[in-house]
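Reader: Could you walk me through this one? I would like to go from overall shape to single residues.

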Amino acid sequence: MTSLPPRIPDRQLGLVIDLDICVGCHACAVNCKEWNSGGHSAPLTDRDPYGADPTGVWFNRIHSFEVDAQEEGKRGRTVHFPKSCLHCADAPCVTVCPTGASYKREEDGIVLVNADWCIGCKLCSWACPYGAREFDTDDGVMKKCTLCVDKIYNENLPPESRVPACVATCPVGARHFGDLGDPDSGVSKLVAARGGYDLMPEQRCRPTNKYLPPRRREDKDLRDDSGTTARLTPAAENIDGVFLRWVDRLLSR
Amino acid sequence: MHPAFSVIFFTTASGAGYGLLFLLCLLGAAGRFPSDPWFGVIAFGLAFGLVSAGLLSSTFHLGHPERAWRAFTQWRSSWLSREGIAAIVTYVPTGVFAAAAILLGRTEGIFAAVAIVGALSCAVTVYCTAKIYASLRAIPRWTSAWVVPGYLLLGLATGALLLTFLTHVFGAAQRSIDSLTFAAFAAAALVKTSYWRSMLATSGESTAASATGLGRPGLVRLLDAPHTESNYLLQEMGYRVARRHADRLRIIAGLLLFAVPLASTLGTTILGPGTTAVFVAGISVLSASIGVLIERWLFFAEARHTVTLYYGENTA
């Protein structure tokens, strides 16, 4: 059971995340928590939620990175970076599992945990280079993104709602869901058109989820005639006069 | 990586236990098992006690220990599962040999063959333990080629030291056992220092740049973490020990785990059997026990996980 499917499934459901337009609002993480608190892996336990040291299980986390410009004279940028399970083709979290609780589905490639079999040894979370798995200390089992398996196949929902909660809620359309095993699917075409890429290909996990890079911006060259990049003059370094020095002291308190 | 005491105790205690069991089996197969039945009772008791206490301890950190039997099912892909099976299988030949040596006083013929199978299964079990860690690509420092020999040799050396102590206590000291212990510690010291040197000098292929795909290394920095408080990932995988503290602990581990046992076994080899030798070997066992716990603590505490690349680290 914890051996991977003998061949890569024809259907590989996954997400395509557009880093160009993600605004870092965390709505995907919040709606993920909301849906999954009542879904397949429910509950997503929080510990000490209103106390001094709250922690809890989340399947989706949004990091924000600062990326310096590749060339002198160009602006750097801030990139909001949502991260959840990538449903890898060569998922190391599956093969290390001693019990068969961690598995990859042959029919659509979704990686899931059978909570009735998991012994809570945590080895799968050690094996995942992306930090996709979080341990629920209350339940004593490992939990992870289910790609909303209980939502995307739910015939009680209208067809347009049968997408993962994070995709449904994204206010800017930065998240796309579909079959990445089908080269003619919308998501596959999007990946091809925008140069979608894998995170950490050197870890050889062959993730299904793809990331679309931020588009190139036509920045004005910030260099002046002498070739140095213009910068704002720090106000605190040349303070003249008694009054400004007094203001500086006041503000520095 | 978070250095959990249950796993530190498990790997060190079962390592020493399997090392002792391995040597007791080989001693039997070579026809040099001490004839005093009480030696057999105490030595096998200690070996099985260490192994069993270690295995029990490893189940303490499980979320659902009552389902631990399920861990015997996935031997096709999982080193943890293979280790569990090997650990249980090892009880059979070693148990049969122990019973024969203690109750029947027989270690020859068929029992010698059983002893060799027992010794091999001890080695296989420790090999599986080491492979659990060595096969995790997400923790680059553990993928070092020195990890597996380190586990095998430290198990052998700590087990051999226990055997040296016991043979001196029972007046059954053999110069060859003392020399073997010396050699095992010398080899373990060599392998472990090689691991430390290579581990500190290298970091994994992955960087914050490859983790995000956002640019060349050095250009990508974490600006805002996804959460203000800690989480499971940071508690389990984000453990960091200050280099200064680690270096001090490494020196202490080197003294207690390698220098003291090397000096003591050299001493007992020269001194020959006697009360002084028993005392020296006893001190050495105590020293190596503390030393190996520090060594194993460092093994976990100094290991870095690639997930930390998403939390502000540039290399793992």
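Predicted model: local features only at pLDDT ≥ 70, side-chain atom pairs only at ≥ 80, totals over all residues.

Reader: Noted. How many helices and strands are there in chain A?

Author: Chain A has seven helices and eleven strands.

Reader: And what radius of gyration does chain A have, next to that of a compact globule?

Author: For chain A the value is 23 Å, whereas a compact globule of 253 residues would be near 18 Å. Along the principal axes, the C-alpha atoms of this chain fill a box of roughly 75 × 45 × 40 Å.

Reader: What share of chain A is buried?

Author: Of its 253 residues, 45% are buried. As for the contacts in chain A with a separation of 6 or more, 61% of them are between residues 24 or more positions apart.

Reader: How many bridges hold each pair?

Author: Strand E4 (residues 61–67) of chain A pairs with E1(B) over four bridges, and seven bridges join E4(A) to E5(A). In general, the strands of a sheet pair through backbone hydrogen bonds.

Reader: Which residue in E1(B) is the bridge partner of Phe65(A), and which is that of Ser64(A)?

Author: Phe65(A) has Leu222(B) as its bridge partner, while Ser64(A) has Asp224(B). On the E5(A) side, Val67(A) stands opposite Arg77(A).

Reader: Is E5(A) mostly covered or mostly open?

Author: E5(A) is mostly covered, since five of its seven residues are buried.

Reader: Where does the other sheet sit in chain A, and what is its strand order?

Author: This is an open sheet of three strands, ordered E10-E1-E11 within chain A, and its pairing is mixed. Its edge strands are strand E10 (175–179) and strand E11 (210–212) of chain A. Neighbouring strands in this sheet are turned by 25° against each other on average, direction ignored.

Reader: Which sense do E1(A) and E11(A) pair in, parallel or antiparallel?

Author: Strand E1 (residues 13–18) of chain A pairs with E11(A) in the parallel sense, over three bridges. Within this pair, Asp18(A) stands opposite Leu212(A). Helix H6 (residues 186–194) of chain A packs on the sheet and touches E1, E10 and E11 of chain A, with its direction at about 120° to that of E10(A).

Reader: Now the core. How many residues does the largest nonpolar core have?

Author: It has 163 residues, and those with the most contacts inside it include Ala127(A), Leu20(B), Leu21(B) and Ala47(B). The largest share of this core, 14 residues, comes from helix H1 (residues 5–29) of chain B. Setting aside neighbours within four places in sequence, Ala47(B) is in contact with Gly17(B), Leu20(B), Leu21(B) and Leu24(B).

Reader: I was also looking at Ala43(B). Why does it count as buried?

Author: Ala43(B) counts as buried because it has 29 C-beta neighbours inside 10 Å, and the cut-off is 20 or more. Ala43(B) is found in helix H2 (residues 37–60) of chain B. Not counting residues up to four places away in sequence, Ala43(B) touches Leu20(B), Leu24(B) and Leu166(B). Thr167(B) is 124 residues from Ala43(B) in sequence, and the two are 9.1 Å apart in space, C-alpha to C-alpha.

Reader: And Leu234(B), why is that partly exposed?

Author: Leu234(B) has 19 other C-beta atoms within 10 Å, so it is partly exposed; a residue needs 20 or more to be buried. Leu234(B) is found in helix H8 (residues 232–237) of chain B.

Note on methods. Residues numbered from 1 in each chain as written. Chains lettered and ligands numbered in written order. Pairing = 2+ DSSP bridges. Helix = DSSP H or I, 4+ residues; strand = E, 2+ residues; numbered from the N terminus. Buried ≥ 20, exposed ≤ 12 C-beta atoms within 10 Å, placed from the backbone. Rg over C-alpha atoms; globule rule 2.2 N^0.38 Å. Contact = placed C-beta atoms within 7 Å. Core = buried A, V, L, I, M, F, W, Y, C linked by C-beta atoms within 7 Å. Axes fitted to C-alpha atoms, helices over the stretch in contact; angles between N-to-C directions.
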